[in-house]
Amino acid sequence: STWSALGTGITTATVDAIAVSGNDVYVGGNFGSAGGVSAFRIAKWNGITSTWSALGTGLNHDVYALAVSGSDVYIAGEVDTNALTGAVNARSTAPDAFVARINDAGASATLSWSRYVGGTGGGVAVEGAYGVTADASGVYIVGRTDSTGLGTAGAYQQKHSCEAPATCGNTSDGFIASIAVDGSALQWFSYYGGRMLEEIDD
């Protein structure tokens, strides 16, 4: 067993996520090319042809997590723009977490949907998603949030640890959330945190 480079790789940039499906290696992060091929923040290495390729037009926000299920690639990260590619909902007033699905079947990949996940409260109210997976019931993301009011009925922890009547300043809780497989809705959201800074990574 030996290590080998994947072509000329990705240089002068960051790779924060990787997922493998069969002969394909998917990478995500903050980059504009892979192996000399223009690829915005997500790219694929094919182990049969030993080539890099873009996934459609890519994404305009940093990718922190990837998962593959069949021909679908699920992406999660953080976004601070109102121009999230393919968004089915609106951004809150501060950096939000996001989740997206790209279908990689056929000759070219296409973005199926993307969704902001965020809220308000807790000062700057920053969200970020650092893990993602999916099954037939939903797409699941984990990360951190400063926002209050996101917890859904019946959640393990429905309120942010600093939500009234608690007072503990601006701090982050971890979270886990489920989004419908077609991106149409936030199915449930639970905080996981206490009086200090928490986040959940994959």
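**Contacts, strands and burial**

Reply: Of the contacts in the chain (heavy atoms within 4.5 Å) between residues at least 6 apart in sequence, 52% join residues at least 24 apart. The model is a predicted one, in which local features need pLDDT of at least 70 and side-chain atom pairs count only at pLDDT 80 or more, while totals for chains, interfaces and linings use all residues. Residues are numbered from 1 along each chain as its sequence is written, and side-chain values use heavy atoms, with hydrogens and water left out.

Me: How many helices and strands does the chain have?

Reply: Helices (H or I, at least four residues) and strands (E, at least two) are DSSP runs, numbered from the N terminus. Here there are 0 helices and 14 strands.

Me: What radius of gyration would a compact globule with 202 residues have?

Reply: The radius is taken over C-alpha atoms, and the globule rule is 2.2 Å times the number of residues to the power 0.38. For 202 residues this gives a value near 17 Å, and the chain agrees, with 17 Å. Along the principal axes, the C-alpha atoms fill a box of roughly 60 × 35 × 30 Å.

Me: Which strands does E2 pair with?

Reply: Two strands pair if DSSP finds at least two bridges between them. Strand E1 (residues 14-21) is joined to E2 by 7 bridges, and the two run antiparallel. E2 also pairs with strand E5 (residues 42-46), in the antiparallel sense, over 5 bridges. Val27 shows both pairings: Ile18 stands opposite Val27, and Val27 stands opposite Ala43 in E5. In the hairpin of E1 and E2, with 2 residues between the strands, Gly22 takes a positive phi near 60°.

Me: Is strand E12 mostly covered or exposed?

Reply: Buried means under 20% relative accessible area, exposed over 50%, and partly exposed in between (1.4 Å probe, protein chains only). Of the 202 residues of the chain, 44% count as buried. In strand E12 (residues 138-145), 8 of its 8 residues are buried.

Me: Which residues of E12 lie on each side?

Reply: In a regular strand the side chains alternate between the two faces of the sheet. In E12, Gly138, Tyr140, Val142 and Arg144 are on one side, with Val139, Ile141, Gly143 and Thr145 on the other, and all are buried. E12 is joined to strand E11 (residues 127-135) by 8 antiparallel bridges, and to strand E13 (residues 173-179) by 7, also antiparallel. Glu127 stands opposite Thr145 in E12, whereas Gly143 has Phe175 in E13 as its bridge partner.
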